[in-house]
Amino acid sequence: LGELLLERFLRLGRLEDIDKALFFAIKMQQFEQEAMETTHPSALKPIHPDAARGLHLLAMTWAERFAMVMDIDDLDRAVDSARASLRLCSADHPLYPAYLADLGSLLYQRFVADESPNDIEEAIEKLRAATDHRPSPAGAYVYYPPRAALGLALARHGAHTGNVQELQEGVRHLARARRDFFGGTHFESRIERDLAAALFMRFARIGEKDDLDEAIFHSSLALDRAPSDDRARAELALELGRMLVQRHALKPSTRDFERAVDTLRSVATSSGPAAIKLEAAMDWARASAVHGPAAALEALKVALDILPHIAWAGHRVVVQYKTLASLASDIGPWAAACAIACGQLEDAVTYLERGRNVLWAQALKFQPGANKHRASAMETASATQGTNAETVSSGAPNELDALSSYLSTTSHGPPMLTEQHRAHVARTNPAFFAVMEKLNAMRDVVTRKLEAHPC
């Protein structure tokens, strides 16, 4: 039942399925532990035949939870559970190659998260072993091909270290996996996606435009072959939109630009994961900025609407504040700058405050708009003060550090635009950049007026 729930989550993205799968996986480990404890100490308790499957289910469920919450502790638990499941499998176990490949994939995922060299090296080692292992005759293509996972890991490691030969080897493995594979369309779509990613990495390293064209071709195939209800479609479309923007930057093309903007807009306004939608909205804004502030503002307003859904209150405190501090730093100021350039001064103040108020509301466990009336907000704050204080005081030291760091960066107004965005806007639209530079002065004036006349 837990495996079926996890499979349904992977296909449809129903959040309740991942919680139920995790519940059954943990429950299975508890049953196994209770059976071990009730056995007579002098007796040898045989390992239950499903013990490895239970640990594997636990590992993959923790990994999917990490993808949702971005809590690195979940990924550490996933790797530990995957190692434990592999220890219970002999080399001739029919699921041994799949479990070995999944451990390698989890190590690769952890490398992407924190760039530990040990993880990527061990990931490549495990994936090579799984690729060289004789596949079981039954269900050889029920799981993602180890060769494809190996190719992506090699390409990423080669791009990270500057080893072009390793990058080339990764592309070859992915091309072979694509040629040899027959199976479900969701796996076929994933192979196309990983091949596109490897080709794009090679393009970024070598600069061959043919690689970019091929990457866009395979990224389009990945999106076309993904089932209509596949939760990965939003991320596939985001990657395609980014590649189209890159090709347009190299060789301006109205067709590429319009296709990129349409793709990114569709992701930003879809029902996909909030983090993916926010990234798409920001990429849409950056791509549209060359056509003036009004075009960028359309995308930034969508980003502001997505912002409250990014740091869910059910996440650990440290995860909430890291997410907010990393994703929300420039949305409000940039939207305000665009509004000023369009002559919408009142809206500019609103956009600044929307960026800040959502963060403060989340920090205080309020819903956006709860402080619409000052008196009502004060009453709510007084009623919840004890609960919030208890929650924070019971948190780990790193959660308190994250809260302190986050509040210190937002206590004097929204952070400045990043240097990357400033340079981009200055290069593509000097007149717009001059208007943006006036934003800080206006914000100071508005802040003084608000302090003098509080709501």
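How far does helix H4 (residues 72–87) reach from its first C-alpha to its last? Helix H4 has 16 residues and reaches 23 Å, close to the 22 Å expected at 1.5 Å a residue; the expected span is 1.5 Å times one less than the number of residues.

This is a predicted model, in which local features need pLDDT of at least 70 and side-chain atom pairs count only at pLDDT 80 or more, while totals for chains, interfaces and linings use all residues. Residues are numbered from 1 along each chain as its sequence is written, and side-chain values use heavy atoms, with hydrogens and water left out.

## Overall composition

The secondary structure comes to 22 helices and zero strands. Helices (H or I, at least four residues) and strands (E, at least two) are DSSP runs, numbered from the N terminus. Of the 455 residues of the protein, 44% count as buried; buried means under 20% relative accessible area, exposed over 50%, and partly exposed in between (1.4 Å probe, protein chains only). The protein exposes about 23,500 Å², of which carbon and sulfur atoms supply 55%; these areas come from the Shrake-Rupley method with a 1.4 Å probe, and for residues only the protein chains shown count as cover. Among contacts (heavy atoms within 4.5 Å) with a separation of 6 or more, 63% join residues 24 or more positions apart.

The buried residues of H4 include Asp74, Leu75, Ala78, Ser85 and Leu86. Helix H3 (51–69) and H5 are among the elements that cover the buried residues of H4.

Helix H5 (residues 96–114) has 19 residues, which should span 27 Å at 1.5 Å a residue; its end C-alpha atoms are 27 Å apart, in agreement. In H5, 15 of the 19 residues are buried, so the helix is largely enclosed by the rest of the structure.

The largest nonpolar core has 106 residues, and those with the most contacts inside it are Tyr99, Leu106, Trp284, Leu300, Ile331 and Trp334. Such a core is a set of buried Ala, Val, Leu, Ile, Met, Phe, Trp, Tyr and Cys residues joined through side-chain atoms within 4.5 Å. H5 gives the largest share of this core, 10 residues. In soluble globular proteins, nonpolar side chains tend to be buried together. Leaving aside neighbours within four places in sequence, tyrosine 99 is in contact with Ala52, Arg53, His56, Ser85, Leu86 and Cys89.

H5 is followed by glutamate 115, which lies in the loop between H5 and H6. Glutamate 115 has a positive phi of about 55° although it is not a glycine. At 48% relative accessibility, this glutamate 115 counts as partly exposed.

## Aromatic pairs and charges over rings

The structure holds two aromatic pairs. Rings of Phe, Tyr and Trp (its six-membered ring) pair if their centres lie within 6.5 Å; planes under 30 degrees apart count as stacked, over 60 as edge-to-face and the rest as tilted.

| Ring pair | Centre distance | Plane angle | Class |
|---|---|---|---|
| Tyrosine 144 and phenylalanine 187 | 6.1 Å | 50° | tilted |
| Phenylalanine 200 and phenylalanine 203 | 5.9 Å | 40° | tilted |

Tyrosine 144 lies in the loop between helix H6 (117–132) and helix H7 (146–161) and phenylalanine 187 in helix H9 (residues 185–206), so the pair ties together parts that are 43 residues apart in sequence. Both tyrosine 144 and phenylalanine 187 are buried. Tyrosine 144 also has arginine 190 over its face, at 3.7 Å from the ring centre. A charge sits over a ring if NZ of Lys or CZ of Arg is within 6 Å of the ring centre and within 35 degrees of the ring normal. In another case, the charged end of arginine 77 sits over the ring of tryptophan 62, 4.9 Å from its centre.

Phenylalanine 200 and phenylalanine 203 are three residues apart in helix H9, a separation of about one helical turn. An α-helix has 3.6 residues a turn, so residues three or four places apart point the same way. Phenylalanine 200 counts as partly exposed at 25% relative accessibility, whereas phenylalanine 203 is buried, with a relative accessible area of 9%.

## Further sites

Arginine 231 lies in the loop between helix H10 (209–225) and helix H11 (233–250) and is partly exposed, with a relative accessible area of 32%. Arginine 231 and glycine 272 are 41 residues apart in sequence and 7.0 Å apart in space, C-alpha to C-alpha.

Threonine 263 is placed in helix H12 (residues 254–268) and is buried, with a relative accessible area of 13%. Apart from neighbours within four places in sequence, threonine 263 is in contact with Ala237 and Gly241.
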